[in-house]
Amino acid sequence: MQPRNMSMSGVVDLAAVKAAQEAKTKAEQTRAEAARQGGAGAVSPADLVIDVDEAGFERDVLQRSAEVPVVIDFWAEWCQPCKQLSPVLERLAVEYNGRFLLAKIDVDANQMLMQQFGVQGIPAVFAVVAGQALPLFQGAAGEEQIRGTLDQLVQVAEERFGLTGLVVDPDAEPGAQTGPGVVPAGPYDALLEAAVQALDAGDFGGAVQAYKNVLSDDPANSEAKLGLAQAELLQRVQGMDPQQVRRDAAEKPADAGAQIAAADLDLVGGHVEDAFGRLIETVQRTAGDDRDAVRRRLLELFEVVGTDDPRVVGARRALARALF
């Protein structure tokens, strides 16, 4: 069977190259800092390749795809091309050092998954990003082609969804992934406390700066990241005329700026689903710089709510469908 390349060209908006590079740089800094802090939340290299069945698919693929791109290798023991391709994918999964997770699915034992993905022949390779399935290629592709496809996949995951991947610790025990990193008590306590006090006093600009001071030295500090997202949101809505913002949004459904402002108000008012839905619909209506501005604001609002929140997980999947 000849390889059939499923190119991802066109997924990345060329008008957003500058913002994309910034997102990639931030993702790399986050990964580097997490590794420097002792590999909190780290996985063993052996955990980068997993066997998946129908019972564990939602947990091992769909849920994990909210934090790392999951590449799926559909294979079978009797398939000779699979025996050529699978070792290459497994080696690359380790080489890419957590930027994607490889899930191996035996089609003989998991016919339902094969049918759901519309697999016509094996080997077949798909990816799942933020819950959205993407066909990559079919057949025993060459390593150069595979690398190119994986590079595009990683780029899309970082630039479009802010997925930084997994932190890999060579010394970690297989299957012994730790929980999310917790910043120990130390030099950041005073800055974080100052930020909270500034928020309580309505000094949103001061809070933003205090959180940025922490993140400049500790990019992976989860408390500062969440606080910064919240402080920036409050700073943006301060001084808004809610009635005018709502009027503009109603009159201009395809106006990116009007919908972004209304979404900020939605979220501050506790209407999380409305905020997410508004921006996802606007992504579908816009293009170019406007579309990318809406997408980036949606990612910022995800940070405000918390990336583990079920509403964020669902919105990520809806965003993936809107983009792809």
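**Helix packing, pair by pair**

Guide: From helix α12, the residues R291, R295, L298, L299, F302 and V305 make contact with R311, V312, A315, R316, L319, A322 and L323 of helix α13. Sorted by class, this contact holds 9 nonpolar and 4 charged residues, and no polar ones. The model is a predicted one, and what follows should be read with that in mind.

Two packed helices are described by the angle between their axes and the distance between the axes. Helix α12 covers residues 288–305 and helix α13 covers residues 310–323; they pack at an angle of about 165 degrees, and their axes lie 10 Å apart. Angles over 145 degrees count as roughly antiparallel, and α12 and α13 are therefore roughly antiparallel to each other. Their crossing is left-handed.

Helix α12 also has a contact with helix α8. Here K225, L226, A229, Q230, L233 and R236 of α8 meet R297, E300, L301, E303 and V304 of α12. By class, the residues of this contact divide into 5 nonpolar, 1 polar and 5 charged. The angle between α8 and α12 is about 120 degrees, with 8 Å between their axes. That angle makes α8 oblique to α12. In passing α12, helix α8 forms a left-handed crossing.

Within α8, the buried residues are A224, G227, L228, A229, A231, L233 and V237. Two of these, A229 and L233, are also among the residues of α8 that meet α12. An α-helix has 3.6 residues a turn, so residues three or four places apart point the same way. The cover over the buried residues of α8 includes α6 (189–200), α7 (204–217), α10 (256–268) and α12. Just beyond the helix, G239 adopts a positive phi of about 85 degrees.

Helix α3 may be examined in the same manner. Its 16 residues, 80–95, should span 22 Å at 1.5 Å a residue, and the distance of 24 Å between its end C-alpha atoms agrees with this. The buried residues in α3 are C82, L85, S86, V88, L89, L92 and A93. They pack against the strands β2 (49–51), β3 (70–75), β4 (101–106), β5 (124–129) and β6 (132–138), and against helix α5 (143–161). Just after α3, N97 takes a positive phi of about 55 degrees.

The packing of α3 with α5 can be described in turn. The two helices meet at an angle of about 45 degrees, with their axes 11 Å apart. That makes α3 oblique to α5. Their crossing is right-handed. The residues in contact are L85, V88, L89, R91, L92 and E95 from α3, and E143, I146, R147 and L150 from α5. By class, 6 of them are nonpolar, none is polar and 4 are charged.

R64 lies in the loop between α2 (57–63) and β3. Its relative accessibility is 17%, and R64 therefore counts as buried. R64 and L101 are 37 residues apart in sequence, while their C-alpha atoms are 8.6 Å apart in space.

Technical notes: Residues are numbered from 1 along each chain as its sequence is written. This is a predicted model: local features need pLDDT of at least 70, side-chain atom pairs count only at pLDDT 80 or more; totals for chains, interfaces and linings use all residues. Side-chain values use heavy atoms; hydrogens and water are left out. Axes are lines fitted to C-alpha atoms, for helices over the stretch in contact, and angles run from 0 to 180 degrees between N-to-C directions. Helices (H or I, at least four residues) and strands (E, at least two) are DSSP runs, numbered from the N terminus. Angles under 35 degrees count as roughly parallel, over 145 as roughly antiparallel, 65 to 115 as roughly perpendicular and the rest as oblique. A crossing is left-handed if the near helix is turned anticlockwise from the far one by less than a right angle, and right-handed if clockwise. Contact means heavy atoms within 4.5 Å. Ala, Val, Leu, Ile, Met, Phe, Trp, Tyr, Cys and Pro count as nonpolar, Asp, Glu, Lys and Arg as charged, and the others, Gly among them, as polar. The expected span of a helix is 1.5 Å times one less than its number of residues. Buried means under 20% relative accessible area, exposed over 50%, partly exposed in between (1.4 Å probe, protein chains only).
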